[in-house]
Amino acid sequence: MEDIKELVRSYIVKEYLEEDEEITFDTPLISSGYVDSFSMVSLLVFLENKFKIKIPPSKATPEAFDSVNKIVELVNQYINK
Amino acid sequence: MSYSSKVKDIFRTQLSEIRNAGIYKEERFIHSSQAADIEVEFPSGAAIKKVINMCSNNYLGLSSHPEVVRAAHEGLESRGYGMSSVRFICGTQDIHRELENKVTEFLGTEDTILFPSCMDANAGVFEAILTSEDIMISDRLVHASIIDGMRLCSAQHDTFKHSNMEHLEEKLQLHADKRIKLVITDGVFSMDGDIARLDEMVNLCEKYDAMILVDDSHSSGFIGRTGRGTHEYCNVVGNIDIITTTFGKALGGASGGCVSGRKEIVQMCRQRARPYLFSNTISPVIVAGVLKVFDILSASTERRDKLEKNAAWWRKGLNEAGFIIKEGNSPIVPVMLFNAKLSQDFSKDLYNEGIYAIGFFFPVVPNGQARIRTQISAGHEIQHLEKALEAFIKVGKKYGILGLSREEIIAKYGM
């Protein structure tokens with residue numbers, strides 16, 4: 001579980017944040033402007049490839065992607081299927 | 001009566017939220033024509049105040065140029081006021097096609113189609129040429145109209161970090177399997193004033209078989225040796241597949257825009273771009289004015305040369321005074337204040353000193369990046385800029401920020 005969290009967090013830091021920015025597992029990502037809704041496609045592709053899952057478009061919402069913890073919660077629903 | 005008190009309350013609550021967040025926009029009424037010196041009524045009902053305009057897109061000072069005004073009058077007399085039709089029914093005059101040809105020649109492209117605005121050009125172009133088999137890859141700081149245009153299009157979208165070519169290359173690799181790949185960028189970024197690295201982007205697009213679209217609204221007429229735009233500045237004229245631009249800024253400043261580029265893409269826009277198909281195009285009076293603007297620009301580079309000198313003077317003056325500015329080679333010069341409230345207070349104090357410049361903060365710019373955006377014009381004389389600099393220094397001293405680093409300003413005022 002912690003591994004997944006850290007994997008997702010480090011991907012987001014690398015992909016979306018500027019050099020001097022940091023986030024916690026609960027930092028709002030979309031509502032605070034770190035990730036815009038267009039950029040979510042990269043995150044979705046990363047999650048699907050990394051964890052060998054398929055997240056339906058209806059579940060890949062800005063709300064479900066709004067923090068590392070929420071993303072991990074979503075990923076877990078599909079990993080365990 | 002369907003406008004019930006319940007519905008009214010919904011809007012009133014939202015408006016209160018906007019006001020409480022400090023982002024309620026108010027218009028300032030200008031009682032003169034657009035120029036370096038303007039007469040402003042602000043707030044509404046206040047006495048009219050003469051101020052120096054440091055925030056218009058009138059980069060070449062052509063908005064009220066006598067020759068442009070005269071040409072517009074002549075256009076009004078010879079072709080009338082309105083067309084009362086969309087282009088493909090009975091809304092196209094000879095001068096509309098003449099302007100399209102003139103833009104094509106000026107930008108060094110294959111063909112051009114006019115739109116009511118560049119907002120409409122950006123709203124229409126993506127949907128007209130792309131489908132769900134395709135991908136749009138945009139810089140993260142592109143203009144809002146491009147974002148809206150991408151939202152209207154069924155193609156997938158992704159972004160790359162601002163002006164980061166390694167990240168763009170990763171995205172081109174990630175989406176290599178898509179039918180059409182379209183890389184999208186502003187030429188000059190309107191909030192930061194920096195210029196896109198078009199030469200490197202063109203190389204990447206060639207390597208990965210992608211097309212490139214540039215919105216040159218803040219460039220056309222003055223960036224590049226003869227003012228053709230960022231493609232001239234980056235030495236890639238002829239290599240940009242699609243240029244969108246506006247006549248509402250440097251090119252006379254009235255309204256209207258266009259898509260210019262590959263012949264087939266322009267043809268697709270004529271068949272499928274909804275703002276072109278379902279709205280009248282630019283009125284004859286504006287077409288006549290813009291035609292004159294192109295005549296002026298083709299005859300001499302005097303105005304863009306003056307703008308370049310003015311912008312260099314302004315950047316040097318702010319730097320020497322100890323302000324933090326975003327470096328670049330455009331007439332958009334952001335003075336960084338970082339804190340949102342400071343940017344608003346600073347702008348108000350400048351206005352009291354007779355200088356009209358607006359403070360921007362989140363969400364218009366990233367959090368903690370609040371600034372005063374200044375825009376230089378060929379309509380400014382050095383004495384305008386001297387007076388503006390004097391006011392900036394006076395207000396800068398009041399807030400004790402001259403010579404401070406970003407960290408020091410943030411320590412003093414917060415993010």
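Visitor: What should I know before reading the residue names?
Guide: Residues are numbered from 1 along each chain as its sequence is written, while chains are lettered from A and ligands numbered from 1 in the order in which they are written. This is a predicted model, where local features need pLDDT of at least 70, side-chain atom pairs count only at pLDDT 80 or more, and totals for chains, interfaces and linings use all residues.

Visitor: How do you know what confidence the predictor has in chain B?
Guide: Look at pLDDT, the predictor's confidence in each residue, from 0 to 100. Chain B averages 96. In chain B, 100% of the residues score at least 70. For the complex, the predictor gives an ipTM of 0.72 and a pTM of 0.92.

Visitor: Which strands are at the edges of the open sheet of 4 strands in chain B?
Guide: The order is 1-2-3-12 in chain B, with mixed pairing. Its edge strands are strand 1 (29–30) and strand 12 (355–356) of chain B, each pairing on one side only. Strand 3 (residues 48–53) of chain B runs parallel to strand 12 of chain B, joined by 2 bridges. N53(B) has Y356(B) as its bridge partner.

Visitor: Why are helix 2 and helix 12 of chain B called oblique?
Guide: Axes are lines fitted to C-alpha atoms, for helices over the stretch in contact, and angles run from 0 to 180 degrees between N-to-C directions. Under 35 degrees counts as roughly parallel, over 145 as roughly antiparallel, 65 to 115 as roughly perpendicular, and the rest as oblique. Helix 2 (residues 66–79) and helix 12 (residues 284–299) of chain B cross at roughly 140°, with axes that come within 7 Å. Helix 2 and helix 12 of chain B are therefore oblique.

Visitor: Which classes of residue make the contact of helix 2 of chain B with helix 12 of chain B?
Guide: Two residues are in contact if their C-beta atoms, placed from the backbone, lie within 7 Å. Among those in this contact are A71(B) of helix 2 and A288(B) of helix 12 of chain B. The classes are 11 nonpolar, 2 polar and 4 charged. Ala, Val, Leu, Ile, Met, Phe, Trp, Tyr, Cys and Pro count as nonpolar, Asp, Glu, Lys and Arg as charged, and the others, Gly among them, as polar.

Visitor: What is the angle between helix 5 and helix 10 of chain B, and how is it classed?
Guide: Helix 5 (residues 118–129) and helix 10 (residues 263–272) of chain B cross at roughly 100°, with axes that come within 9 Å. That makes helix 5 of chain B roughly perpendicular to helix 10 of chain B. The contact includes V125(B) of helix 5 and M268(B) of helix 10 of chain B.

Visitor: Why are helix 13 and helix 15 of chain B called roughly parallel?
Guide: Helix 13 and helix 15 (residues 382–398) of chain B cross at roughly 20°, with axes that come within 11 Å. That makes helix 13 of chain B roughly parallel to helix 15 of chain B. Their contact includes W313(B) of helix 13 and L389(B) of helix 15 of chain B. By class, this contact has 9 nonpolar, 3 polar and no charged residues.

Visitor: How many residues of chain B are in contact with chain A?
Guide: There are 11, in contact with 7 residues of chain A. Strand 6 (residues 156–160) of chain B gives the largest share of the chain B side, 4 residues.

Note on methods:
Two strands pair if DSSP finds at least two bridges between them.
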